[in-house]
Amino acid sequence: MSQGPRSGLAAVSSALLAMSRHLEVRDVLKTIVASARELLDAQYAALGVPDDHGGFAQFVVDGVTDAQWKAIGPLPRQHGILAAMLREAKVERLADVRKDPRFEGWPSAHPEMSDFLGLPIRDGEEIIGALFLANKNCPKPEGSCGFTAEDEDLLSILAQHAAIALTNARLYERSRELTIAEERSRLAHELHDAVSQKLFSLRLTAQAAAALVDRDPSRAKGELQQVAVLAAEAADELRAAVVELRPAALDEDGLLATLRTQVQVLDRAHTARVTFASSGFRALPAAQEEALLRVAQEALHNALRHSGADHVDVTVNRRGGGAVLRVADDGSGFDPHLTRRVGRHLGLVSMRDRASGAGGTLTVESAPGKGTTIEMEVPGG
């Protein structure tokens, strides 16, 4: 490379460190592509992860704007040079990809590309992706390729580490999927224990009311009133099972680890991006940590179920001897002054009660179309 061996080594190190910072598959793919393009000083870079149907399960590009990418159209199929890299598992370095006999063209909105460097990403014997770059930013004599043998070596090193990063990210996402499954199984068990008997009683009472409608309307009315009572009790027990039970993880792992795990589960289960961050937090009395967790859960539930938010950010930071929890979303927002109607619907009353019971305060900032921020502060023990 033109920067020389030392600069090249520093660039490789920087690229590998960047890949190691991410755990999400999509983020890892984007980092690999951006690092490869910067490392080899190319105009375009892309990485495709094949599916089992002749296409790509994921395809990430760098050097192309969002508008350009949208205009290009659907993801490419596994044909031409891309198929060759996935099938033959060897490096392809070409002076002009358009003149290669395997070239099959591209959409009209696709940028023009000439010199080309591509190679497969392998996990053992399995090819898990194809990484390629085009249009090296350097003078190129007629008929020659801007990418050099040294570029090829650097990209091969990057690809080896990319395989490790991508495999780790897949394992991480799989562990999150298992966490979701475990959480669903736990919740299903709790719901069954908490409400099944009540629902069984409700069903029998409703059947009794139906049998009495014609021959004893007065008794039927009494049975229907009992149905209403049982339904209300079942709803209360359902809420207790979902919201009120103290998770064992809070006792075992503490507030930060518990919140981080729950945020990861919610981020995986919902289309909105849910993030968690913390700074300087110190352990608090159990009652305060439980109150912070419950308010966070209620605020997250509101943001994900009612606000239509694209992003929800959860932070827990030290403030004085205590802590402050902040849950902010970019959703539809509401008028906080309409507490009688909106407050109860969104659980604001219960959140304020929790904050007050833990010796803390709760503030709500929101406006229609402006998102919502819930902040709870506790003084510590």
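This is a predicted model: local features need pLDDT of at least 70, side-chain atom pairs count only at pLDDT 80 or more; totals for chains, interfaces and linings use all residues.
Which strands do the buried residues of H4 pack against?

Select residues 80-88, which make up helix H4. The helix is mostly covered, with 7 of its 9 residues buried. Colour the buried ones: Gly-80, Ile-81, Leu-82, Ala-83, Ala-84, Met-85 and Leu-86.

The buried residues of H4 pack against E1 (42-50), E2 (56-62), E3 (92-94), E4 (116-123) and E5 (126-136).

Next, click on Ala-89, which follows H4. Its phi is positive, near 55 degrees.

Leave the helix and turn to the aromatic rings. The model has 5 aromatic pairs. One of them joins Phe-103 and Trp-106, an edge-to-face pair with 4.9 Å from centre to centre and 75 degrees between the planes. Phe-103 is partly exposed, at a relative accessible area of 24%. Trp-106 also counts as partly exposed, at 24% relative accessibility.

Then select Phe-116 and Phe-132. Their ring centres are 5.8 Å apart and their planes lie at 25 degrees, so this pair is stacked; the cut-off for stacking is under 30 degrees. Phe-116 sits in strand E4 and Phe-132 in strand E5, so follow the chain between them: the two are 16 residues apart, and the pair links distant parts of the chain. Are Phe-116 and Phe-132 buried or exposed? Both are buried.

Ring pairs link Phe-56, Phe-59, Trp-69, Phe-116 and Phe-132 into a cluster.

Terms used:
Residues are numbered from 1 along each chain as its sequence is written. Side-chain values use heavy atoms; hydrogens and water are left out. Buried means under 20% relative accessible area, exposed over 50%, partly exposed in between (1.4 Å probe, protein chains only). Helices (H or I, at least four residues) and strands (E, at least two) are DSSP runs, numbered from the N terminus. Contact means heavy atoms within 4.5 Å. Rings of Phe, Tyr and Trp (its six-membered ring) pair if their centres lie within 6.5 Å; planes under 30 degrees apart count as stacked, over 60 as edge-to-face and the rest as tilted.
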